[in-house]
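Trainee: I've got a structure open and I'd like to learn how to read it. Could you walk me through it?

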Amino acid sequence: MTLGNVLWYLLGVGFSPFHLGVVWHALIILVVLLVLIAFILYADRKIWAAVQLRRGPNIVGPWGIFQSFADMLKFVFKEPTVPSGANKGIFLLAPLVSTTLALAAWAVVPVAEGWAVADINVGVLYLFAISSLGVYGIIMGGWASNSKYPFLGALRSAAQMVSYEVSIGFVIITVLLCVGSLNLTDIVKAQESGLASAVGLGWLSFLDWYWLPLFPMFVIFSALAETNRPPFDLPEAESELVAGFMVEYGSTPYMMFMLGEYVAIMLMCSMTTILFLGGWLPPIDLPPFNWIPGVFWFVAKVCMVFFMFAMVKAMVPRYRYDQLMRLGWKVFLPLSLGMVVVVAGVLQITGWAP
């Protein structure tokens, strides 16, 4: 295949009018994702404010809905400063690495049937690899700042992500045992039948989803620790480390770190939706619910999971670091490993294994 043919394919020109090139498909996903994150950030602040009986953002635009865009302009037009003792190249590259990796993970996420930039058969492995690499942006930023507080924040982040990725890996394995595929679309389709269908209540499709039989795994997969969300935000604990690995950052580089963090949070909300909440499937398989496009249900479920994340942030106090490590290694890891054994045993004994 010549370079010209590759470019024609990527741009989607010369094919049927219904064919969208990979470039255009990726562009649409990115634009919608970034606009959605602006409003998710607004919702995060509003929920936090409501829990604390405050008003939250309420000046820029009606009900303050344009506050995120005003903040973006403020960050973009501020002058970036680089500490004199910092490694300038790595210091500026770190937020770019963090944001790029977070956005790259969305290439395999199906928001509806057939709506994925790359519907590959190893989608789960791809996501696991990309999310593991995300810690490098934080380590680079903390080390290049040439200051003790950012470096401590970076080391905390590395230890935390290693600790919780092990548990999250076992959680994903329990779902893969039930599905028999690493393809994210197949994981959603496998949830079209389950416990409710087995007892003749197939129209209650939300009881077919994996949140019910794998409920302990559903709780562990909250992924708050993986995305540095409170109460697991130890890498940026302002009471101990000022602002952690981002303490020397300002203007656009700081904004890119925060953007990467929120993109990763939305990715984990999407993964929770796909693995446990039936992806784009309607909660009740009857009209008018199954008339609504699947992408609407997907976005609604992602927003519901994010609401749970935001409520935890507003209500649960931050863990001490030793408590965080204890929870990861002595609670989540044995529980997730035990569930892998139990799920595999049940599937083998009952003959339900795919």
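Trainee: Where is N183 found?

Mentor: N183 sits in the loop between α6 (148-179) and α7. Helices here are DSSP runs of H or I with at least four residues, strands are runs of E with at least two, and both are numbered from the N terminus. One caution: this is a predicted model, where local features need pLDDT of at least 70, side-chain atom pairs count only at pLDDT 80 or more, and totals for chains, interfaces and linings use all residues. Residues are numbered from 1 along each chain as its sequence is written, and side-chain values use heavy atoms, leaving out hydrogens and water.

Trainee: Is N183 buried or exposed?

Mentor: Buried means under 20% relative accessible area, exposed means over 50%, and partly exposed is in between (1.4 Å probe, protein chains only). N183 has 4%, so it counts as buried.

Trainee: What does N183 touch?

Mentor: Contact means heavy atoms within 4.5 Å. Not counting residues up to four places away in sequence, N183 touches D119, I120 and N121. Its side chain also has a polar atom 3.1 Å from the backbone nitrogen of D186.

Trainee: Which residues touch the most other members of the largest nonpolar core?

Mentor: A nonpolar core is a set of buried Ala, Val, Leu, Ile, Met, Phe, Trp, Tyr and Cys residues joined through side-chain atoms within 4.5 Å. The largest one has 62 residues, and I187, F221 and F276 touch the most other members. Helix α11 gives the largest share of this core, eleven residues. If you leave aside neighbours within four places in sequence, the contacts of I187 include V124, Y210 and I274. Another core, of nine residues, lies apart from that one, with F91 and F245 among its members.

Trainee: How many salt bridges does the structure hold?

Mentor: A salt bridge is a side-chain nitrogen of Lys or Arg within 4 Å of a carboxyl oxygen of Asp or Glu. The structure holds four. One of them joins K313 and D44, at 3.3 Å from N to O. K313 is in helix α12 (residues 294-315) and D44 is in helix α2 (residues 22-51), so this pair ties together parts 269 residues apart in sequence. K313 is buried at 14%, and D44 is buried at 1%.

Trainee: And how does the E113 and K189 pair look?

Mentor: Those side chains meet at 3.0 Å, N to O. E113 lies in the loop between α4 (88-104) and α5 (123-144), K189 lies in helix α7 (residues 184-190), and they are 76 residues apart. E113 is partly exposed at 48%, and K189 is partly exposed at 35%.

Trainee: How many helices and strands does the protein chain have?

Mentor: You'll count 13 helices and zero strands. Of its 354 residues, 43% count as buried.

Definitions and conventions
Polar contact = N/O pair within 3.5 Å; in protein donor to acceptor, adjacent residues only side chain to side chain.
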